[in-house]
Amino acid sequence: FRSIGLALKTSAATANRDRRKIRGSQVIVALQMSLCLVLLVAAGLLVRTLRNLETIDLGMNTHGLMVFGVSPLQRVHSDSEGNRFYLGLLTSLRALPGVEAVTLMSNRIGSGWSNNTGAAVDGHAALGTNSFAPMRWNIVGPDYFHTLGTPVLLGRDFNDADAETAPRAAIINQTFANKYLGGRPPLGHQVSLNDRADGQYTIVGVVADSKYTDVREKPVPTAYFPYTQVKGNATLHYEVRTRSEEHTSELQSLRHL
């Protein structure tokens, strides 16, 4: 009987250990299944987010567009010399086979950076003296909106005639016109870039809103100015639109020469 009792105790202890192992295994399996479920849900949300981002209207056409930055040579010592340097490269790029359009900008779209100041229209704060009116601004080259594929809603794009000595010109986006011009016809009004006397630029065009620093950003009142009419340009970024991916690859190889 004593042997039978010991055997029964041993069997009971073994059974208890087996049950604990089974419960432990069940807990591990449940945790693994929960983790897999969380990962599947997260992956589904990520895929949906990426699809939503793909359908966002950027306000431009990025297909076939190559962007690269250029700084003036060390022998460039003035804004006028810098403008001639940039214009010369612009002219050379236009002549390359397969190039459809070329322009340039100061702050590259998608870099996360932007110039910001308070907007003034016709010499007065856009929302009155007691309200700050935020304005994003960038300096760009001729055919800028044509090259990027941003619709010009009113007036014109910049062109080669917007030179250093030409009348100062500005182009605003639709959000700027809606917020700061109160339904007035935009063309002919002046936008101030700074408080100096040379800071007045006449509005010659209105363009559709486009993304600037981030794909998910909300429209911001934005003004654009010709690179030739703003002092102190350092590095500017060229945007080259090509007719095919083959031409884009060729230009990318030339960029490193």
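## Starting at a helix

Let's start with Ser 92, which sits in helix H2, the stretch covering residues 79-94. Keep in mind as you look around that this is a predicted model. Is Ser 92 buried, exposed or partly exposed? Its relative accessibility is 45%, so Ser 92 counts as partly exposed.

Now hop along the chain to Val 102. Ser 92 and Val 102 are 10 residues apart along the chain, and their C-alpha atoms are separated by 9.9 Å.

## A covered strand and its partner

Which strand does E2 pair with over 6 bridges? That would be E12, residues 236-242, and the two run in the antiparallel sense.

How many residues does the largest nonpolar core have? The count is 34, and the residues with the most contacts inside this core are Ile 172, Phe 176, Val 191, Phe 225 and Tyr 238. There's also a second, separate core, made of 12 residues, with Ile 109, Phe 145, Phe 158 and Val 204 among them.

If you skip its neighbours within four places in sequence, Val 191 is in contact with residues including Ala 120, Met 135, Ile 172, Phe 176 and Phe 225. Gly 199, Gln 200 and Tyr 201 are also among the contacts of Val 191.

## Rings that pair up

To describe a pair of aromatic rings, you give the distance of the centres and the angle of the planes. In this model the count comes to 10 aromatic pairs. Take Phe 68 and Tyr 238: their ring centres are 5.8 Å apart and their planes sit at 15°, so this pair is stacked. The pair links distant parts of the chain, with Phe 68 in strand E1 (residues 65-70) and Tyr 238 in strand E12, 170 residues apart. Both Phe 68 and Tyr 238 are buried. They also belong to a cluster, linked by ring pairs, together with Phe 85, Tyr 86 and Tyr 227.

Phe 176 and Tyr 180 do things edge-to-face, at 5.1 Å centre to centre with 90° between the planes. These two share helix H4 (residues 174-180), where they are 4 residues apart, about one turn of the helix. Phe 176 has 0% relative accessibility, so it counts as buried. Tyr 180 is buried too, with a relative accessible area of 4%.

## Two residues in loops

Where is His 189 found? Look in the loop between H4 and strand E9 (190-192). His 189 counts as buried because its relative accessibility is 16%, under the 20% cut-off. Its side chain makes a polar contact with the side chain of Asp 122, at 2.7 Å. Leaving out residues up to four places away in sequence, His 189 also touches Val 121, Leu 181 and Arg 184, among others.

The other loop residue is Thr 213, found between strand E10 (200-207) and strand E11 (222-226). At 19% relative accessibility, Thr 213 counts as buried. Thr 213 and Asn 107 are 106 residues apart in sequence, while their C-alpha atoms are 9.4 Å apart in space.

Conventions. Residues numbered from 1 in each chain as written. Predicted model: local features only at pLDDT ≥ 70, side-chain atom pairs only at ≥ 80, totals over all residues. Heavy atoms only, no water. Pairing = 2+ DSSP bridges. Core = buried A, V, L, I, M, F, W, Y, C linked by side-chain atoms within 4.5 Å. Buried < 20%, exposed > 50% of the residue type's maximum accessible area, 1.4 Å probe, protein only. Contact = heavy atoms within 4.5 Å. Phe/Tyr/Trp six-rings, centres within 6.5 Å; stacked < 30°, edge-to-face > 60°. Polar contact = N/O pair within 3.5 Å; in protein donor to acceptor, adjacent residues only side chain to side chain.
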